[in-house]
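Dear colleague,

I am passing on the structure we spoke about. Please look it over before reading my notes below.

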Amino acid sequence: MPRLSTSLLLQAYNKSKLLPLVLRGARTLESASNELRWLREHVQSFKSTSPDENRQRLLKLCQRRSRGEPLQYILGSQPFGELDIKCRPGVLIPRPETESYTTYLADLANSHKLISKVSKRNPDKQRFKELSQSLRILDLCSGSGCISLLLYSLLSTKFPKLQIFGLDISKQAVSLAKENLALNVKAGHIPQSAIEDTPSHPPQVQFGIADIFEKFPNNIGQFDIIISNPPYISRDEFNKQTTRSVRNYEPKLALVPGHKDQDVFYRRLIRLHQIHLSQVLVMEVGDAAQAIRVAELAFEMNYTSYHRAPRVTNRVEIWRDDPGHHGAEEVRVMAGREIRIRGRGKIRTVVLFREETDKHPAHRVKLNRRVVERLDEPDVVQVSKELARSRGREAATARKARKGVRLSKGEYERLRGQPRRTARQEPGGFGRSSWV
């Protein structure tokens, strides 16, 4: 990190004796001036009768900032849309770029433009069209809960039966996310229905602890949207390219994958998109090079089998920092496929839209059987009667389809004389079994 010039420090000192301290953390005079103003306002919010006490408090805060401590940790919060997200050391600070693509995603959902992006070949397209009230969203690596909470604040009016699950491996992050949920409900930024918990109405926003590389303890069912801001910075980039503020104060767990493969989280996210039959998968990335790698990975994983999950093929889009900017759109060819790049600014997000799904109905029936409605419950609970009836009809259709298969008389006699057989899944067999 380059040193600050003496002339810049003198210029700051002439404006305020405290400004050079803040400048060491902010690095630019304009940013330092804004930060000093926010620090003053923060100190004035404390009830104190002594001006000396306020001056000492302000000096200590400026000294913390001069050491590179993030302003959000010092102030204790960060605006995120209309929300106020509490920030605490050990949990990643929300970024403006994350707010931008989260807002854009909500705008697409509210205007039903996500539906037009779903291919006609998608077996769930009709169901997606009928989602006038219900929408299920899974937020992985949820951190402070900022994405889940902003999505709920923007979508809850249009989708009264909205349900959002936020999962993170960090107990500290999950605890802070729950705190942010309660604080924003109390402040009136989020409707009370987000935390309302009755036997017939579970909370619509819930946070829980989970390692996405492990099998989830309970069946959380099918989701319409999966969104994630995973760790994506390599160890080398973390040590050489991140700022002192990020490197020394923000949690490495939320920034750097615990694996030598920098893109390891994206392979797992694409698998979960496949397993949980989501219509849309939104993944934040670090730069253009990583976006290209993730897009190519998505194409490579098209039509690949995974245990008993259906094969899925996806269409890929890339969003920049401001994806909603009108008129900023281009099409590029990657891995022999056309990819639409939206918005202006740096490349920020890779988005997958599910197009085709193999052996879809049977997997969906199994996926939506006895789904948990509360993340903190050890036992699986029954779903609503309306959803249960719908799933029952799907199961009956699947049974009728299976009964439609008839053996010839010769095949029947041949199998009848053989010993009892059991089905075994062959590697890559994707639901095809062999007799043993």
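What follows is a short account of the sheet, its helices and some aromatic contacts.

Please keep in mind that the model is predicted.

The sheet is open and has 9 strands with mixed pairing, in the order β5-β4-β3-β6-β7-β11-β8-β10-β9. At its edges stand β5 (205-209) and β9 (329-334), each with a single partner strand, so one side of each has no neighbour in the sheet. On average, neighbouring strands are turned by 20° against each other, direction ignored. Strands β8 (residues 312-322) and β11 (residues 344-357) run antiparallel and are joined by 10 bridges; Ile318 has Val350 in β11 as its bridge partner.

Two helices that pack on the sheet are worth a look. Helix α6 (residues 96-110) touches β6, β7, β8, β10 and β11, and its direction makes about 125° with that of β8. Helix α13 (residues 264-275) touches β3, β6, β7, β8 and β11, at about 165° to the direction of β7.

There are 3 aromatic pairs in the structure. In one of them, the ring centres of Tyr104 and Trp319 are 4.8 Å apart with the planes at 85°, so the pair is edge-to-face. Tyr104 belongs to helix α6 and Trp319 to strand β8, 215 residues apart. Tyr104 is buried at 14% relative accessible area, and Trp319 is buried at 0%.

Phe165 and Phe223 also pair edge-to-face, at 6.1 Å between centres and 65° between planes. Both are buried. Arg136 lies over the face of Phe165, 5.6 Å from the ring centre, and over the face of Phe223 at 4.4 Å.

Regards

Conventions. Residues are numbered from 1 along each chain as its sequence is written. This is a predicted model: local features need pLDDT of at least 70, side-chain atom pairs count only at pLDDT 80 or more; totals for chains, interfaces and linings use all residues. Side-chain values use heavy atoms; hydrogens and water are left out. Two strands pair if DSSP finds at least two bridges between them. Helices (H or I, at least four residues) and strands (E, at least two) are DSSP runs, numbered from the N terminus. Axes are lines fitted to C-alpha atoms, for helices over the stretch in contact, and angles run from 0 to 180 degrees between N-to-C directions. Contact means heavy atoms within 4.5 Å. Rings of Phe, Tyr and Trp (its six-membered ring) pair if their centres lie within 6.5 Å; planes under 30 degrees apart count as stacked, over 60 as edge-to-face and the rest as tilted. Buried means under 20% relative accessible area, exposed over 50%, partly exposed in between (1.4 Å probe, protein chains only). A charge sits over a ring if NZ of Lys or CZ of Arg is within 6 Å of the ring centre and within 35 degrees of the ring normal.
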